[in-house]
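Trainee: I'd like to take a close look at one part of this protein. Could you walk me through it slowly?

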Amino acid sequence: MELSISSTSLLYSNPSLSLDSIFCKASTSLPTSSLQFQRTAFIPRDLSSPPGRIHLLRRPLSSSPPNGGRFRASASSVAVAAEKDRLPADIEVTEVEEPNSRVRLSVEVPPVVCEDCYRRVIKEFTKQAKIPGFRPGKNVPESILLSYVGKQNVQKATIESILERTLPHAMSSVSGKALKDSVRIVTKFSEMENTYMSLSSLRYDVIVDVAPEVKWIPEDGYKSLKIVVEIDSEIDAQRACQQELRRRHKSLGTLRIVTDRGLQIGDVAVLDISATTIVQDESNVKNIPSAESKGFHFDTEDGDKLLPGFLDSIIGIQRSETKSFPLFFPDNWNQENLCGVHAQFTVECKELFYRDLPELDDSLADKLLPGCTSLKQVEDSVLQRCLEVEQTAKDQATDNAILDQLSKMVEIDIPRSLFEEQGRQLYGAQLLQIQANMKLDEQQLASLSSLKAVNEYLDNQKQNITHVIKQNLAVGDIFRRENLQFSTEELVKEVENSIAEFKRHKQEYDEERVREQVQEILEGAKVLEWLRERAEINYIKR
């Protein structure tokens, strides 16, 4: 009998962490990416994940072209200016800094440049136009050409030529800083037409996002971090080992119906659960939908993971009996909308079982863990796996704590284009995860992929996205400040391994994208290693 999602998330104090999930992680096969290092690839788990859980240095390799990822002010993320065409005169550019690392460039193009562009357009039209009575490419009187092509079309082509030739010159002041795909001419084309027609010159404004400056508070504070890392008691290796051994032992037992007594510790009950809010005004009593569960398969040995008081309230309940009792959701409950809520629970016991377990001795060793011949061998093997999981979880928690601290130590005026780029990448990762977990029809996929859905995500997750960007920019800044490096051989090897994985799974890939992602992961690993060596780290159990 399966547990319902709603009841599990409501009753369990830590629904995202279970012994099964912890233990299984130690024995699962390697992910598609061959990049293992000290960390593994990480996919954000859900849309509401807190910032500390989204670890950009662990994102999986993607075969798609770059649409996001860790920002760096390099050729891969900075707009590359087009080759400059020599102009007959200088243009005048006024630069004004705006919020969100944006620059406005006001460009004035003198008449001599406009005239030069006009002559080029006329020359090009002369080459291409097939005017009756004139051989292609031969000189055509300007008045006839304008009449044939259309004066307005020539003017539009001239303005386009002016923009194409002058924009690279206008961008010179932000060369090497402008972010890809962030350059926008904000002056309306109709306004440029009017200016050109009346003054034979051109004026236009360009806005562009530039690489943001990372300001550390205090300066160089990252060199002596003091970090407190909370480790969940569930991943304590010794405790996890005993729980895993108990779980495997229970899996070898038989459930038998209880007929002559009520619920005891060690039993398994099938429950129907519902709950309502407790308020002074009975007319305002509301159901708690997430508490409604039919056929909830409840193992009493997991009682310490439930809502405090739930197990004690149903001890002694018999088959077909119903109990009603009040409970309080603690202020630190995992579901924020239930924190501090007083609730009246109603529980009906549908079935009641006890476990008939075989004696735990060496004869069960092979059944508990294939290949083992003694209980000690089983325990040693399970403990070794749990120790590996404990260390991995400890490293993950340490890195998350370091990244959280870094994001609090930097002030960054984040460009809108970078925010949207990062947000779309995170949303895309979530959408891929949803597709992997459930089958979406075309209508559902279209709805989730719509511009409205993406924009809602950007609005709802603004704090989270900002946190992620600050983490990544801080890591990239440290890598450059401290002149950290990794060997070319290491990069080449990991790129080759990753491409081999794509080929093995017969997946398409973009080699340049793979190389960029490998480089980002290597850079992140180097920075975190450098920071851990210098940080004062304290671990506490929760």
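Trainee: At what angle do helix α3 and helix α5 pack, and how far apart are their axes?

Mentor: Before the answer, some ground rules. This is a predicted model, where local features need pLDDT of at least 70, side-chain atom pairs count only at pLDDT 80 or more, and totals for chains, interfaces and linings use all residues. Residues are numbered from 1 along each chain as its sequence is written, and side-chain values use heavy atoms, with hydrogens and water left out.

Now your helices. Helix α3 covers residues 111-128 and helix α5 covers residues 151-170; they pack at an angle of about 120 degrees, with their axes 9 Å apart. (Helices are DSSP runs of H or I, at least four residues, numbered from the N terminus; axes are lines fitted to C-alpha atoms over the stretch in contact, and angles run from 0 to 180 degrees between N-to-C directions.) That angle makes α3 oblique to α5: under 35 degrees would count as roughly parallel, over 145 as roughly antiparallel, 65 to 115 as roughly perpendicular, and the rest is oblique. The crossing of α3 and α5 is right-handed, meaning that the near helix is turned clockwise from the far one by less than a right angle.

So who touches whom? On the α3 side, the residues in contact include Val113, Cys117, Val121 and Phe125; on the α5 side, Val154, Ala157, Ile162 and Arg165 are among them. Contact here means heavy atoms within 4.5 Å. By class, the α3 and α5 contact has 10 nonpolar, 3 polar and 3 charged residues. (Ala, Val, Leu, Ile, Met, Phe, Trp, Tyr, Cys and Pro count as nonpolar, Asp, Glu, Lys and Arg as charged, and the others, Gly among them, as polar.)

Stay on α3 a moment, and look at Arg119. Its side chain meets that of Glu142 in a salt bridge, at 2.6 Å from N to O. (A salt bridge is a side-chain nitrogen of Lys or Arg within 4 Å of a carboxyl oxygen of Asp or Glu.) This pair links distant parts of the chain, as Arg119 sits in α3 and Glu142 in helix α4 (residues 142-149), 23 residues apart. Arg119 is partly exposed, with a relative accessible area of 40%, and Glu142 is partly exposed too, at 29%. (Buried means under 20%, exposed over 50%, and partly exposed in between, using a 1.4 Å probe and protein chains only.) By the salt-bridge rule, the count comes to 34.

Methods
Helix = DSSP H or I, 4+ residues; strand = E, 2+ residues; numbered from the N terminus.
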